[in-house]
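Q: Please take a close look at one chain of this model, and describe how its parts are arranged and what surrounds it.

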Amino acid sequence: MVEVTLWGSLGRAAGGTSTLDIEAKDIRELFRKLGEQHPGLQPWIDRGIAVSIDGTIYRDTWSKELPQDAEIFLLPRLAGG
Amino acid sequence: MAGVAVSTTINGDAVEYLCQPDETLLEVLRDRLGLTGAKEGCGTGDCGACSVILDDRLVCSCLVLGAEAEGRRVETVEGMAHGDKLHPLQQKFLEHAALQCGICTPGFLIAAKDLLAKNPSPTEEEIRFGLAGNLCRCTGYDKIVRAVQDAANVMRGA
Amino acid sequence: MEDAVGILADSSGTAAILAGGSDLLVRMKGGFIEPDLIVDIKAVAGLSDIRETAEGFSIGAAVPSAVLGENAALKKAWPGVVEAARLIGSKQVQGRCTIVGNLCNASPAADSVPAMVAAGAKAVVVGPSGRRTIPVETVPAGPGRTSLAKGEIIEAILLDKRPPHAGDAYLRFIPRTEMDIAVVSAGVNLTIDDKGSVKTARVALGAAAPTVLLVEEAAEVLVGSKLDEATLERLAKVCSGACRPIDDKRGTIEFRRKVAGVLARRAATTAYQRAGGK
Amino acid sequence: MNFDPRYSARNFTAVGTRPVRPDGIDKVTGRARYGADFNMAGQLVGRILRSPHAHARIRKIDTSKAEKLPGVKAVITAADLPDFTNGDAAMYDILDNCMARKKALYDGHAVAAVAAIDARTARQALKLIEVDYEVLAHVTDVDEAMKHGAPLINDAVFTEGLDEKPVKPSNVTKRSQFGHGDVHAGFGHADFVVERSFRTEQTHQGYIEPHACVASANADGTADLWVCTQGHFVYRQHCAQLLGMDASKLRVTSSEIGGGFGGKTHVWAEPVALALSRKAGRPVKLVMTRDEVFRASGPTSATSIDVRIGARKDGTITAAEATLRYSCGPYAGSWAEVGAMTAFACYKLENVKTVGYEVLVNRPKTAAYRAPSAPMAAFAVESAIDELAKQVGMDPVDFRIKNAAQEGTRSSYGPVYGPIGIGPTLEAVKNHPHMKAPLGKNQGRGMACGFWFNFGGQTCTDLNIGMDGSVSLAVGTIDVGGSRASLSLIAAEELGIAYEHVKAVVADTSSLGYNDMTDGSRGTFSTSMATISAARNAIRTLRERAAQMWDISVDDVAWEHGHAVAKGEKHGNLGKLSLKEIAAASGTTGGPIAGHSELVADGAGVSFATHICDIEVDPETGATRVLRYTVVQDAGKAVHPTYVEGQYQGGAAQGIGWALNEEYIYGKDGRLQNPGFLDYRIPVCSDLPMIDTQILEIPNPNHPYGVRGVGETSIVPPLAAIANALSNAAGVRMTHIPMSPPRVLAALEAAREG
């Protein structure tokens with residue numbers, strides 16, 4: 001079980017909750033569970049979400065495991081310059 | 001319109017070409033003679049990327065007609081090195097990383113060559129005002145000025 | 001010279017004169033003008049010479065600004081006119097552009113024109129009906145328009161010989177340190193007597209009206225003074241008041257008015273020092 | 001072989017040195033080929049007809065006269081670009097921006113294009129195309145566009161991210177929000193509060209090379225594209241989709257690129273060139289004029305930002321709030337969202353809230369410009385922080401040190417920070433001689449902080465070892481400013497050979513797997529990760545070949561300083577095998593030796609900076625001159641220090657230009673008034689002093705050598721650093737960028753009378 005925090009706008013798309021507890025061992029399972037429990041998030045997931053694990057930002061690398069005590073934070077995908 | 005026949009000298013070689021009356025020297029160099037060292041950054045004389053030396057005068061080749069080169073001497077970046085020996089400015093621009101993307105570099109090398117020909121030991125301010133006609137967006141000019149200072153020392157044998 | 005005039009007079013479509021070309025080629029590239037005929041006058045005898053005579057200087061129409069800057073006698077006599085010519089465009093443009101081209105392009109913000117007007121320079125015009133000499137301020141008729149008739153070419157700019165204790169100066173305001181067109185500019189030319197009072201003066205403002213503005217009232221403020229603070233203050237006020245600038249992408253009316261006064265003061269101070277005033 | 005990206009301290013031999021770059025000779029001799037330097041046999045000249053109106057419905061386009069003009073080989077409109085975007089809104093916007101389908105949405109929007117035998121014919125052909133426009137009301141200002149009753153750019157847009165679903169269309173495409181704690185309560189505890197509104201005008205990346213490409217589409221559905229770009233794989237993907245082609249049938253070769261800074265991360269005219277070439281059956285060369293680059297490529301946003309920050313007497317910030325409105329051009333974007341994320345990123349805040357609004361306007365489609373969205377937000381925040389420090393009575397550096405984020409701080413955009421460099425850059429600035437240098441009349445000093453995220457992303461690298469032991473490195477990320485030098489250093493470091501024996505090239509899209517764009521300062525970070533991984537794979541093969549040559553087990557073979565070494569006394573007599581010797585025998589030991597890597601580089605470390613700036617202001621004209629400038633930034637590990645300094649200096653120079661003179665000026669008619677380098681004033685050589693740099697190295701734990709991206713942060717602090725210097729010099733708080741002379745003079749006059 002990991003605690004996942006959703007950034008402002010994403011939190012609203014999940015019905016106003018900003019933190020969720022989800023049983024997921026890696027990013028792929030996390031996205032699948034998120035989509036099931038909160039269908040409102042699916043368009044955001046499809047468009048691409050960045051996952052921050054203990055402050056390090058990962059793109060949607062499915063195989064990336066989610067350590068139990070890690071701080072998980074979901075962020076919009078970023079464009080650079 | 002009928003073409004204009006022009007015979008001129010480019011980097012020491014005799015060259016002949018036919019060009020339209022309203023065709024610029026930059027277009028002639030790049031599109032007719034394959035000398036793509038001079039670059040078009042603006043086409044209005046505001047960026048210096050097309051600088052060449054015309055009879056010992058630093059000019060923007062986008063503001064010179066191809067027909068005006070008749071009987072005159074044109075120097076472009078392609079003529080700066082001698083065989084495999086780079087001009088000191090070319091060498092120092094590399095050593096100081098005075099270029100990043102390099103699109104403005106040919107123009108800067110020609111402008112710096114003209115500057116040092118007329119002022120062999122310029123101050124930093126004289127270099128900066130002497131090169132103010134050449135825009136660079138990558139370097140912030142710092143390493144370009146240092147490269148020109150270094151080349152000036154080498155060329156003076158200092 | 002007469003051949004060039006003949007070709008131009010007989011030409012049917014739009015014809016353009018080419019000396020430096022730094023304005024002409026920009027307007028051609030931008031599609032503002034598509035001339036059917038371009039007459040390059042650089043090979044015409046005499047047009048590339050600067051001649052010093054008893055009456056003063058004659059600057060050929062094809063002399064590039066950079067060459068003006070390399071003529072010691074001209075720089076000594078008319079430092080203001082030369083520094084104005086040397087501010088046109090970049091170093092690359094300096095190798096090509098001419099003060100006659102700058103005058104005939106008739107931009108209100110032309111750099112060399114306020115200094116020439118302050119200097120009382122004259123233009124020698126050659127045309128189908130012969131040669132005439134007119135004050136430079138009468139050449140521009142409005143933004144991009146001149147008073148020259150079809151087939152007329154300016155052959156040279158004449159500058160008088162300098163009396164003792166004479167000095168001129170030109171300043172412009174640009175946001176950068178190089179490469180800009182003047183947002184507003186001022187040219188001042190004056191002579192002083194041996195006690196340091198201004199005997200004669202001419203003050204001209206650029207980019208402050210549709211054409212370069214000769215401000216008589218400003219000259220009157222200077223004459224008789226030793227450029228004390230009060231005089232300079234009045235000069236600035238008069239110049240700001242005389243302006244009829246516009247709001248455009250380079251500056252606001254209010255900014256041009258204020259800075260016109262500031263530049264007139266500073267240029268007058270430099271001209272006064274060059275004339276030997278303390 | 002899975003690759004362990006974690007940092008491990010080591011002392012370097014090649015990395016950290018300053019060799020001359022491998023691709024430099026061509027660039028100083030004029031032989032390097034940029035976008036417009038390439039030609040193909042039988043090529044035509046392409047030109048685009050652009051809307052003169054800011055907003056107009058296109059009723060009809062008559063191309064018949066143009067098609068009949070002798071020398072014209074193809075004329076196209078949107079009808080020649082059928083919609084293959086099947087529901088992908090972002091791709092549809094790109095298609096519509098390449099050629100208007102229903103409405104012309106800004107001055108310069110492409111509406112038609114021709115391919116002809118020469119430029120003169122193409123120009124004449126454009127004049128013969130008749131477009132029947134129905135001119136509509138337009139809006140170009142970001143605040144005006146949000147007002148009730150403003151002309152609607154796209155009546156199918158309903159604001160996303162609001163609590164209740166809107167019923168009426170709007171120019172605001174999205175609202176985004178970040179932050180934590182309770183700002184209302186926080187402001188309750190504040191002894192001092194600063195509240196100000198700021199505006200920044202739209203600016204352009206200002207690359208000296210206009211967009212240029214040569215497109216060659218064949219009847220069999222294959223095509224070639226030679227183009228200056230920051231990401232040839234992304235260009236291939238977008239062009240192929242827009243033209244209904246298989247991506248692998250379109251080979252995109254990147255030319256040398258004459259600057260990008262984010263502006264060449266997006267296709268503008270390339271799909272048009274391909275469509276022209278397909279219709280004409282001949283290659284088409286399409287080069288934008290400078291006027292077109294300004295009117296119709298991708299400048300950054302114009303912004304309007306409100307900031308409110310409160311602090312206690314002891315200097316602790318109790319609450320920070322910002323509302324950020326960013327113009328996106330006529331198409332949706334996420335620029336305010338990124339601004340909202342970066343605004344307070346430098347600080348440790350108990351209560352913080354940022355809200356971003358994406359606003360449609362009749363201006364060109366906004367694209368990224370070096371740390372996109374961050375410089376504007378930093379201008380507002382760092383100006384307000386400076387003012388707050390003054391009210392609290394603290395030195396601006398000390399005030400920032402007291403509130404700076406550290407490892408473990410919850411960032412204003414959400415995640416907790418790992419090891420970061422904001423504190424060390426502030427300490428370095430506090431002790432820097434620049435801070436103690438004397439100032440003269442009308443002179444002032446200002447400082448400001450900046451941050452950028454940096455990314456990783458998909459990267460492929462091939463490292464091939466020649467029979468002579470020299471190494472050729474093929475990378476997929478575009479080298480904009482010298483990364484081939486740093487990547488060669490990295491390959492040399494990992495293989496233990498001399499830098500001179502490595503030759504790095506950028507491969508085209510047919511010789512490597514997909515690579516992400518060179519943006520987000522990821523060039524060196526992610527490609528060095530893939531290069532190290534490829535080198536380690538090659539070393540494994542080298543050890544296997546050495547084992548085979550010695551006829552011992554590969555487990556007994558180690559790799560040290562470019563040599564295979566037999567471990568264990570029983571191999572004491574075997575000596576060492578150099579890479580050269582192993583390579584020479586490769587023909588008999590199994591064939592060519594290479595190392596490949598295809599990975600997603602993650603864990604890009606953030607890069608913080610603090611800048612110091614001295615200026616002098618002319619009280620009579622409002623002109624501001626930069627006298628001295630110092631950049632202190634954390635690079636994690638500077639692979640090639642000279643080029644890291646170059647990124648610091650180049651970013652600062654762009655920031656200075658943005659702060660003082662650069663802006664898009666639109667007339668009341670909605671047309672861009674200064675589309676050229678004369679009146680869009682980027683800094684010239686004589687405008688700037690030398691830009692001093694100090695590189696800090698706080699290793700990024702997620703990169704083997706500790707490398708962080710460095711390319712973008714340096715443009716973030718200058719706007720505020722100069723504004724704070726002006727406040728220090730003349731006591732005026734400038735709130736509108738650029739701080740051009742008319743605006744500064746008006747502020748000085750107001751202060752004198754006030």
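A: Two strands pair if DSSP finds at least two bridges between them. Helices (H or I, at least four residues) and strands (E, at least two) are DSSP runs, numbered from the N terminus. This is a predicted model, in which local features need pLDDT of at least 70, side-chain atom pairs count only at pLDDT 80 or more, and totals for chains, interfaces and linings use all residues. Residues are numbered from 1 along each chain as its sequence is written, while chains are lettered from A and ligands numbered from 1 in the order in which they are written.

Three strands of chain D form an open sheet in the order S4-S2-S6, with antiparallel pairing. Its edge strands, S4 (103-104) and S6 (130-135) of chain D, each pair on one side only. Strand S2 (residues 56-62) of chain D runs antiparallel to S4(D) and is joined to it by two bridges. D:Arg57 has D:Lys103 in S4(D) as its bridge partner.

Next come two helices. Helix H3 (residues 89-98) of chain D packs against helix H7 (residues 232-242) of chain D at an angle of about 80°, and their axes are 11 Å apart. Axes are lines fitted to C-alpha atoms, for helices over the stretch in contact, and angles run from 0 to 180 degrees between N-to-C directions. H3(D) and H7(D) are therefore roughly perpendicular to each other (under 35 degrees is roughly parallel, over 145 roughly antiparallel, 65 to 115 roughly perpendicular and the rest oblique). From H3(D), D:Met91, D:Ile94, D:Leu95 and D:Cys98 meet D:His238, D:Gln241 and D:Leu242 of H7(D). Five residues of this contact are nonpolar, two are polar and none is charged. Here Ala, Val, Leu, Ile, Met, Phe, Trp, Tyr, Cys and Pro count as nonpolar, Asp, Glu, Lys and Arg as charged, and the others, Gly among them, as polar.

Another helix of chain D is H14 (residues 483-495). All 13 of its 13 residues are buried, so H14(D) is largely enclosed by the rest of the structure (buried means 20 or more other C-beta atoms within 10 Å of a residue's own, exposed 12 or fewer, partly exposed in between, with C-beta atoms placed from the backbone). Just after H14(D), D:Gly496 has a positive phi of about 75°.

Finally, the neighbours: 34 residues of chain D are in contact with 21 residues of chain A, contact meaning that C-beta atoms, placed from the backbone, lie within 7 Å. Of the four pairs of chains in contact, B and D share the most contacts.

Technical notes:
Two residues are in contact if their C-beta atoms, placed from the backbone, lie within 7 Å.
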